[in-house]
Amino acid sequence: GEGIRIQGIPDIRIDDCEIRNNLNEGIESQWIRASSEDNARIEITRCKIRNNGDEGIDLDIAPIDGLNPPLQQGAQVRIRIRHCSIEENQLEGIVVDLDTRNKDQMDVRIRIDDTLVRANGMTGIFLDGDADAAIRVARCQISANHGDGISATGIASGPIPSVQHCNIIGNGGAGIATYGLGSIAAWHCWVDGNGQGIFRSPRGSITFQNSVLSPGTPGLDISSFHYCLVEGNLIPAELPEGVIYDVPQMLGRPILYTRGTGLVDGTVVLEGNATIPADTRVEIADDGILRQIISSEGSIIALDPPPDDVPVSSAVFFWAVDEGPHEDATPIPASSMIQASDPTSVDEDGFPHDLGPSGNNSLQFVGPDPALPAAPDESQLISVNPSPSLPSISGLWKLFFSRELPVDIDQAVRLQIDGIDRTGDLEIQRNAANLTVNLVPAPQPGQQTLLEILPFFGVDSGNDSVRRIF
């Protein structure tokens, strides 16, 4: 069965536990419920959740039932996962399933902060967004999972999960992916070495801002990149303004990502035609152990110390001698990542922030560290109607935030159509935590829209990041 099973209207904190080797989920909820009189809260902190037979954490938030809908409308659900290690579970590392409906008017907020999500059998973090919610994934190391790093579904009006200051590296699928009309906004992230590329979003919307992205391949759609460094086989002349084509120079980065499978004799057979770099050390599934290559024959390598278990198609990181095994995206001196973020948001010295997870990161850290304080809360975008995954031909957008907006929020809104500033043609209305933006005349079909919210300030309601909506 499960390690811990949660039902009903919970008010629970699971702290400093090791939850491992269960047949099913490590932690599972069967329908988290809430009412206007009894709010639901789940907090999972400082836990090691590993080697479970299904998901590491699987939380399902229930819709309003037919017993007493008025009592349930407006209910609050709060979920927070922080300083945890979610590793080597058979299915996803973390799943959050929103089965609520927008008509229920529930206030759902989900935070996944300062957590390691590594070497799980499917996607690292899966967000099933069938209704609006404020979802944030911040300062997480999401690496070596067999599926995508992060993936999300969505509906026509949202939600738009925010992914910030994360390392998303060496996963078997895409770094970030959406299904259906899902949308994700990522900024100050490092996305590198993922088996199916930087992102995958056939119908949805994924935007990157102030991030370091690799590999960039011919044919890659970079229209959603804004002030990013891209490494790979792109032609610099094709890059839009604010995007840099260069090699990311940082403190701790593997020199090669590939995948491999353990054999019964303890050796590892590498996939594809990867050339084994000379004078390197090997790390399996980002486990923090550097191993020396003691022999190699074709694609088969023997390691010291030998790995205990290498499941089929596990991540294999190669490190240069005297480097690793800890990834660190802090730029080194003379790196083109330095002060290369969107100039509308500046550091204390008055210069733009650095690209990647170290830029505009008040904690200057990624991953679990219980000694760190909680980062300051800011107003967060919950959803946009219509979603960025839909054509914006009406010129009317409704934005919903997690906190009441300052009265001068209209000064922070910027809009471009096909690269031309149309901010002066906007009609902007603020109503508490909601913002209505109307462009007159409306954009024409096929025109490219760029809607941004610049840093804004207010008592307990500010946000010091530039937010590219679409």
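Mentor: Welcome! Let's start inside the protein: both Phe199 and Phe225 are buried, where buried means under 20% relative accessible area, exposed over 50% and partly exposed in between, with a 1.4 Å probe and protein chains only.

Trainee: What should I know about the model before I read on?

Mentor: This is a predicted model, in which local features need pLDDT of at least 70 and side-chain atom pairs count only at pLDDT 80 or more, while totals for chains, interfaces and linings use all residues. Residues are numbered from 1 along each chain as its sequence is written, and side-chain values use heavy atoms, with hydrogens and water left out.

Trainee: How many aromatic pairs does a search of the whole structure find?

Mentor: A pair of aromatic rings is described by the distance of the centres and the angle of the planes. Rings of Phe, Tyr and Trp (its six-membered ring) pair if their centres lie within 6.5 Å; planes under 30 degrees apart count as stacked, over 60 as edge-to-face and the rest as tilted. The search of the whole structure gives 5 such pairs. For Phe199 and Phe225, the ring centres are 6.0 Å apart and the planes stand at 70°, so this pair is edge-to-face. It links distant parts of the chain, 26 residues apart: Phe199 belongs to strand 22 (residues 199-200) and Phe225 to strand 25 (residues 225-226). Together with Phe208, these two form one aromatic cluster.

Trainee: What counts as a strand here?

Mentor: Helices (H or I, at least four residues) and strands (E, at least two) are DSSP runs, numbered from the N terminus.

Trainee: Which residues have the most contacts inside the largest nonpolar core?

Mentor: A nonpolar core is a set of buried Ala, Val, Leu, Ile, Met, Phe, Trp, Tyr and Cys residues joined through side-chain atoms within 4.5 Å. The largest one has 58 residues, and Ile44, Phe208 and Phe225 have the most contacts inside it. Apart from it lies another core of 25 residues, including Trp190 and Phe317.

Trainee: Why is strand 24 described as largely enclosed?

Mentor: In strand 24 (residues 212-216), 4 of the 5 residues are buried, so the rest of the structure largely encloses it. Two strands pair if DSSP finds at least two bridges between them. Strand 24 pairs in the parallel sense with strand 21 (residues 190-192) over 2 bridges, and Val191 has Leu213 of strand 24 as its bridge partner. With strand 26 (residues 229-232), strand 24 pairs in the parallel sense over 3 bridges; here Val212 has Leu229 as its bridge partner.
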